[in-house]
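Here are my notes on the charged pairs and one surface patch, point by point. Have the viewer open while you go through them.

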Amino acid sequence: MSAVPMLDLARQYTTVGEECQAAVSEVFQQGRFILGKEVSEFEMQAAAMLGAKHGIATSSGTDALWLALEAAGVKPGDKVVTTPFSFFATASAILRCGARPVFADIDAATFNLSPTEVGYVLERRPEVKAVLPVHLYGQCADFDALNTLKQKHGLTLVEDAAQAFGAMWHGTTAGSLGDAAAFSFYPTKNLSAWGDAGLVTANDDAIADRAKMLHVHGMRVRYYHETVGWNARMDTAQAAVLLIKLRYIAQWNEQRRAVAERYSALFRASGLAVAETVLEHAADLALPWTDPRATHVWHQYVIRCRKRDDLRAHLTANKIGSEIYYPLSLHQQQALNHLDYVEGDFPHSERAAREVLALPIFPELREDEQQRVVETIAQFYKEERL
Ligand SMILES: Cc1ncc(COP(=O)(O)O)c(C=O)c1O
């Protein structure tokens with residue numbers, strides 16, 4: 001029984017490994033470990049690719065989120081609306097600014113922050129300063145509706161684009177939709193470094209200038225500190241790797257799209273009871289739904305499924321990788337107890353946490369491997385019905 005890994009970076013290494021090794025070696029040989037020329041080159045190229053005026057390379061996506069929020073003007077005591085269905089850093093970055101996360105439920109079809117729910121929150125709390133939508137799994141949040149809210153309420157919009165390098169909304173690239181945006185190049189991301197790395201993008205000169213200053217201890221001139229920042233720089237070696245991978249990202253995102261389409265076609269032909277968006281009563285599973293306004297980059301291919309945990313155990317027993325992003329909503333995390341939310345506050349997010357299952361997806365995933373994933377899932381539900 002051959003294994004199907006959730007992600008196999010060794011296959012990517014066969015394409016870009018040698019080039020990256022050579023680029024990293026050069027950085028090491030010349031001793032340009034910190035803020036070498038590759039860092040500014042990456043900032044320029046990545047920002048240009050994302051349609052943003054400025055890019056600031058950072059040590060991680062988490063640091064990029066904090067920087068983007070703080071540079072966009074989020075201050076201690078401010079309230080920032082965000083989704084409860086995301087990685088923990090989405091909320092912790094808000095707290096790191098001294099601000100308070102205020103959750104609004106997700107849209108059941110896309111898993112992204114629901115602008116309708118954000119609207120309800122804003123009616124109750126007009127003092128909200130900013131909204132932090134996440135482009136979850138590689139699909140942009142609804143920026144038409146979010147921009148309408150921005151106009152009406154004078155909000156700042158910061159994108160958590162950690163999972164969405166190259167994604168678009170109505171042809172505008174993630175990273176230039178909001179006032180500022182944060183990307184992660186954590187090794188599992190669709191554009192990945194050889195370790196931790198991230199990026200802030202902004203079109204506004206003042207926001208970019210603040211982010212740039214904050215990520216080097218609040219200094220413009222060496223050892224003269226204008227404000228209290230932090231060390232949040234990207235290593236030159238990571239920039240060297242990312243510069244090479246930038247040349248491939250468009251092609252890799254295309255390959256991910258092909259993999260996702262193939263999964264959906266295989267599921268529809270599998271004989272399973274397949275729903276097209278949310279998990280309906282009679283369905284075994286629901287396929288991911290793409291908003292026609294979004295260009296998805298398929299950082300993850302996530303189904304909703306009945307008996308999710310049993311199905312996952314069956315996949316594991318058959319050596320098929322899978323992952324749950326995320327098993328517990330942020331408002332139910334112990335670390336955020338002090339925000340005083342309770343179970344039942346965000347039913348769509350809580351339901352998603354019970355139903356979602358991410359299947360293996362990466363550009364090099366083969367069709368026979370996908371067939372095995374779908375057949376193994378079909379076998380689970382067939383046996384379960386007997
Ligand atoms: C939605 C989201 N936000 C923020 C982050 C934080 O990025 P990093 O792990 O690079 O700090 C991640 C990735 O882990 C993420 O998926």
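1. Starting with aspartate 78: it comes out buried, at 16% relative accessibility. For the cut-offs, buried is under 20% relative accessible area, exposed is over 50%, and partly exposed sits in between, with a 1.4 Å probe and protein chains only.

2. Before going further, some housekeeping: this is a predicted model, where local features need pLDDT of at least 70 and side-chain atom pairs count only at pLDDT 80 or more, while totals for chains, interfaces and linings use all residues. Numbering runs from 1 along each chain as its sequence is written, and side-chain values use heavy atoms, with hydrogens and water left out.

3. What does aspartate 78 pair with? Its side chain meets that of lysine 129 in a salt bridge, at 3.2 Å from N to O. The two sit in distant parts of the chain, 51 residues apart: lysine 129 in the loop between α5 (115–124) and β4 (130–132), aspartate 78 in the loop between α3 (61–71) and β2 (79–82). Lysine 129 is partly exposed, at 27% relative accessible area. The salt-bridge criterion is a side-chain nitrogen of Lys or Arg within 4 Å of a carboxyl oxygen of Asp or Glu. Helices (H or I, at least four residues) and strands (E, at least two) are DSSP runs, numbered from the N terminus.

4. The structure holds 29 salt bridges. Another one joins the side chains of lysine 212 and glutamate 43, at 3.3 Å from N to O. Lysine 212 is in helix α7 (residues 205–214) and glutamate 43 in helix α2 (residues 37–50), so this pair ties together parts 169 residues apart in sequence. On accessibility, glutamate 43 is buried at 8%, whereas lysine 212 is partly exposed at 38%.

5. Glutamate 355 is buried, with a relative accessible area of 10%, and arginine 351 is partly exposed at 32%.

6. There's a salt-bridge network to look at too: Asp8, Arg11, Arg366, Asp368 and Glu369 are linked in it.

7. Phe28, Phe33, Ile34 and Leu35 make up a nonpolar surface patch, with about 400 Å² of accessible area together. Phenylalanine 28 belongs to helix α1 (residues 9–30) and is partly exposed, at 47% relative accessibility. Patch members have over 30% relative accessible area and no salt bridge; like charges are joined within 9 Å, nonpolar side chains (Val, Leu, Ile, Met, Phe, Trp, Tyr) within 5 Å. Areas are Shrake-Rupley with a 1.4 Å probe, and for residues only the protein chains shown count as cover.
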